[in-house]
Amino acid sequence: MAFLGLVNSLEAIGCDVRVNDFFLAKKYPDYPIGVAGYPSILLRTDGLKNPRIFGPGDFGMPCLDELSIANDPRYKYFIQPCDWFCKMYEPFCSGKMFRWPAGIDVDSFQDLSKGQKKCDFLIYDKIRWNREIEVDRVLQPIINHLEKKGLTYQCIRYGHHHYNEFMKGLEESKAMIFICEHETQGLACQEALASNIPVLAWDEGKLVDPELKALSPENLVVSSVPYFSEACGLQFKIDEFDSICNKFITGNYQPKVFIEENLSLLKLGDAYIDRYLSLINTH
């Protein structure tokens, strides 16, 4: 999805995008290329001399040894979707990190804030670690508060639903509660915002992923909604959910405007091409 977002963003600003055109890249070895995907793509492009931007994608866990692609002079920039993830990789890819989230095709999302609503909240459950503990600690108190206040809800669990169910849930709900430990971008949340559905987001600011914790600097502050403002909704820690939820209900939000101003295809296309063109100017 992030790769398609890149292609769509570049095409939106008028770029001619060639995908996997290895012949063209080899013909013009000084011309920069984008490399996107997973570690397997590194072998497919290893024979090319072109300067390059890696991402969106995942080249594997970074390391400081001499074989790391961070030390390969052909790789000029490494994309990660948000500031906190860039900070985590910076010690391994010094000076090469480039924050770039996937662009959102805002026009493809209808304004779902109006019309007949069946419930107050769509709960998007994306609890990924220690689930047997966190459901009782986080999800259940949220449900208890909603029921106590007479607020209606429906739940969708990440990885256990079809996309159409998610969009139908947004259409039927006044707002979304987003429950996730941390995100590098959070496309589902941003699609809700692009649909003009405000979001109440659980955001403790703590890194949970054990593999990433082994890499991260001390006291790294993370987020479940790295692209967010009060135009989108509110964030909460679980021990303050009751009061924040009550405040959220009385708020006035413009989430679609936030997405248009910060994550549109045009804006992200311009951000990528600026870095790309800087490589042409230096080669």
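Ala, Val, Leu, Ile, Met, Phe, Trp, Tyr, Cys and Pro count here as nonpolar, Asp, Glu, Lys and Arg as charged, and the others, Gly among them, as polar. By that scheme, the lining of the second largest pocket has 23 nonpolar, 5 polar and 3 charged residues. The model is predicted: local features need pLDDT of at least 70, side-chain atom pairs count only at pLDDT 80 or more, and totals for chains, interfaces and linings use all residues. Residues are numbered from 1 along each chain as its sequence is written, and side-chain values use heavy atoms, without hydrogens and water.

**Pockets**

- A pocket is an open set of points on a 1 Å grid over the protein atoms alone, where a 1.4 Å probe fits, with protein on both sides within 12 Å along at least five of seven lines; lining residues have an atom within 4 Å of a point.
- The largest pocket holds about 1,300 Å³ of space, a volume being the space filled by probe spheres set on the points, which are joined across faces, edges and corners.
- Its lining counts 43 residues, with A2, Y38, P81, E183 and T184 nearest the centre.
- That lining has 25 nonpolar, 11 polar and 7 charged residues.
- The second largest pocket holds about 800 Å³.
- Among its 31 lining residues, R18, V19, I33, G34 and Y276 are the closest to its centre.

**Helix elements**

- Helices are DSSP runs (H or I, at least four residues), numbered from the N terminus.
- Helix α7 (residues 187-194) gives the largest share of the largest pocket's lining, 4 residues.
- α11 gives the most to the lining of the second largest pocket, with 5 residues.

Methods: Helix = DSSP H or I, 4+ residues; strand = E, 2+ residues; numbered from the N terminus.
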